[in-house]
Amino acid sequence: MAIYAHPDDAEFALAGTAATWAKAGVEFVYCMITNGASGSQDPDMTRARLREIRLAEQRDAARILGVKEVVFLDFEDGYLEPTIDVRRAVARQIRIHRPDVIFTMDPTMRYGGGYVNHPDHIAAAEVVLRSINPDASTRQMLPELWQSEHLEPHKPKALFLVSFGKPDVVIDVSDVVELKLEALRAHRSQIEPDSLEFVKSWMKEAGKKKRYAYAEGFTVLRFDQEGPPRRNVTRGARTAPRARGRRASRSTTTARRGRRRR
């Protein structure tokens, strides 16, 4: 499961990994926290219209990559904070889908390379960290999820934080780079042609150390072993963890509430 703030965040950061793992049979779910309604400089655009445009673009991008399901939580773009309501909504989806691995941004990344990180990215990542401990994993935290909605606690085996600096896991995405670019192009309201060359330059840089043509890098925390996280490099899907449990829907969906399907 990738949990992120805006439409196109996942495509920029981890679409190559999503496509690689999906091709290997891993069931990949997106959880998009905001509605994307702030992402325009057009004075004639409305937030309501942009919301619908960007949700449709995200559905198209997910289909290209082989992502099984997209959950839209519909919090307001640009106003995201790690409130208890956002934490509950994210914890609910983790307990519903019970992913082996969660992907998100690194909440400690605030600026670098002439870029100031969007506060929604930081807030979304902070919410995911709080879901690991305690929101999604602890029975007496948000007890209504367990008592009223019958959603048992869940903790993933690993957390992958997107790294544009010094990753400790590098995934070879050379075989799916064109799929990633196609998925980015699906975000027609946002993507400029020169952005794609910039993205390719990121992936080339990430792959240099292992001599991959294109790669995506992550800082990984593992929760299914004793001791500190191991430092290693994962090549493509051959060691990709396989998702377990309920099969995801073939179509995209809005956020679901209530009893988890079995």
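1. Two strands pair if DSSP finds at least two bridges between them. Strands β7 and β9 meet this rule: they pair in the antiparallel sense over five bridges. Within that pairing, F160 has V220 in β9 as its bridge partner. Helices (H or I, at least four residues) and strands (E, at least two) are DSSP runs, numbered from the N terminus.

2. A word on the source. This is a predicted model, where local features need pLDDT of at least 70 and side-chain atom pairs count only at pLDDT 80 or more, while totals for chains, interfaces and linings use all residues. Residues are numbered from 1 along each chain as its sequence is written, and side-chain values use heavy atoms, with hydrogens and water left out.

3. Now the overall picture. The protein has seven helices and 10 strands. Of its 262 residues, 50% count as buried. Buried means under 20% relative accessible area, exposed means over 50%, and partly exposed lies in between (1.4 Å probe, protein chains only). The protein exposes about 12,900 Å². Carbon and sulfur atoms supply 49% of that area. Accessible areas come from the Shrake-Rupley method with a 1.4 Å probe; for residues, only the protein chains shown count as cover.

4. Contacts come next. A contact means heavy atoms within 4.5 Å. Take the contacts between residues at least 6 apart in sequence: 79% of them join residues at least 24 apart.

5. Which residues have the most contacts inside the largest nonpolar core? They are L14, W21, F28, Y30, F103, F160 and F218, and this core has 43 residues. Helix α1 (residues 9-23) gives the most to this core, with seven residues. Apart from it lies another core, of 27 residues, including C31, I33, A89 and L145. A nonpolar core here is a set of buried Ala, Val, Leu, Ile, Met, Phe, Trp, Tyr and Cys residues joined through side-chain atoms within 4.5 Å.

6. Look at F103. This residue is buried, with a relative accessible area of 1%. Leaving out residues up to four places away in sequence, F103 touches M1, A2, I3, L14, T17, W21, F28, F160 and F218.

7. The structure holds 12 aromatic pairs. Rings of Phe, Tyr and Trp (its six-membered ring) pair if their centres lie within 6.5 Å; planes under 30 degrees apart count as stacked, over 60 as edge-to-face and the rest as tilted. F103 and F160 form a tilted pair, 4.9 Å centre to centre with 50° between the planes. F103 lies in strand β4 (residues 101-104) and F160 in strand β7 (residues 158-162), so the pair ties together parts that are 57 residues apart in sequence. F160 is buried too, at a relative accessible area of 6%.

8. F103 has another ring partner, F218. This pair is edge-to-face: 5.4 Å centre to centre, 75° between the planes. It links distant parts of the chain, since F103 sits in strand β4 and F218 in strand β9 (residues 215-222), 115 residues apart. Both F103 and F218 are buried. One aromatic cluster is formed by Y4, W21, F28, Y30, F103, F160 and F218.

9. Back to strand β7. In a regular strand the side chains alternate between the two faces of the sheet. Are the faces of β7 covered or open? Both are covered: A158, F160 and V162 are buried on one side, and L159 and L161 on the other. Four bridges join β4 to β7, and these strands run parallel. There, V101 has A158 in β7 as its bridge partner.

10. Strands β2 and β3 are also worth checking. Five bridges join strand β2 (residues 29-34) to β3, and the two run parallel. Y30 stands opposite V70 in β3. Strand β3 (residues 69-75) is mostly covered, with five of its seven residues buried.

11. Finally, some local details. The peptide bond from N133 to P134 is cis, with omega near 20°. P134 is found in helix α4 (residues 119-135). L142 is not a glycine, yet its phi is positive, near 50°. L142 lies in the loop between α4 and α5 (143-147), and is buried, with a relative accessible area of 6%. H150 also has a positive phi, of about 60°, although it is not a glycine. H150 lies in the loop between α5 and β7, and is partly exposed, at 33% relative accessible area.
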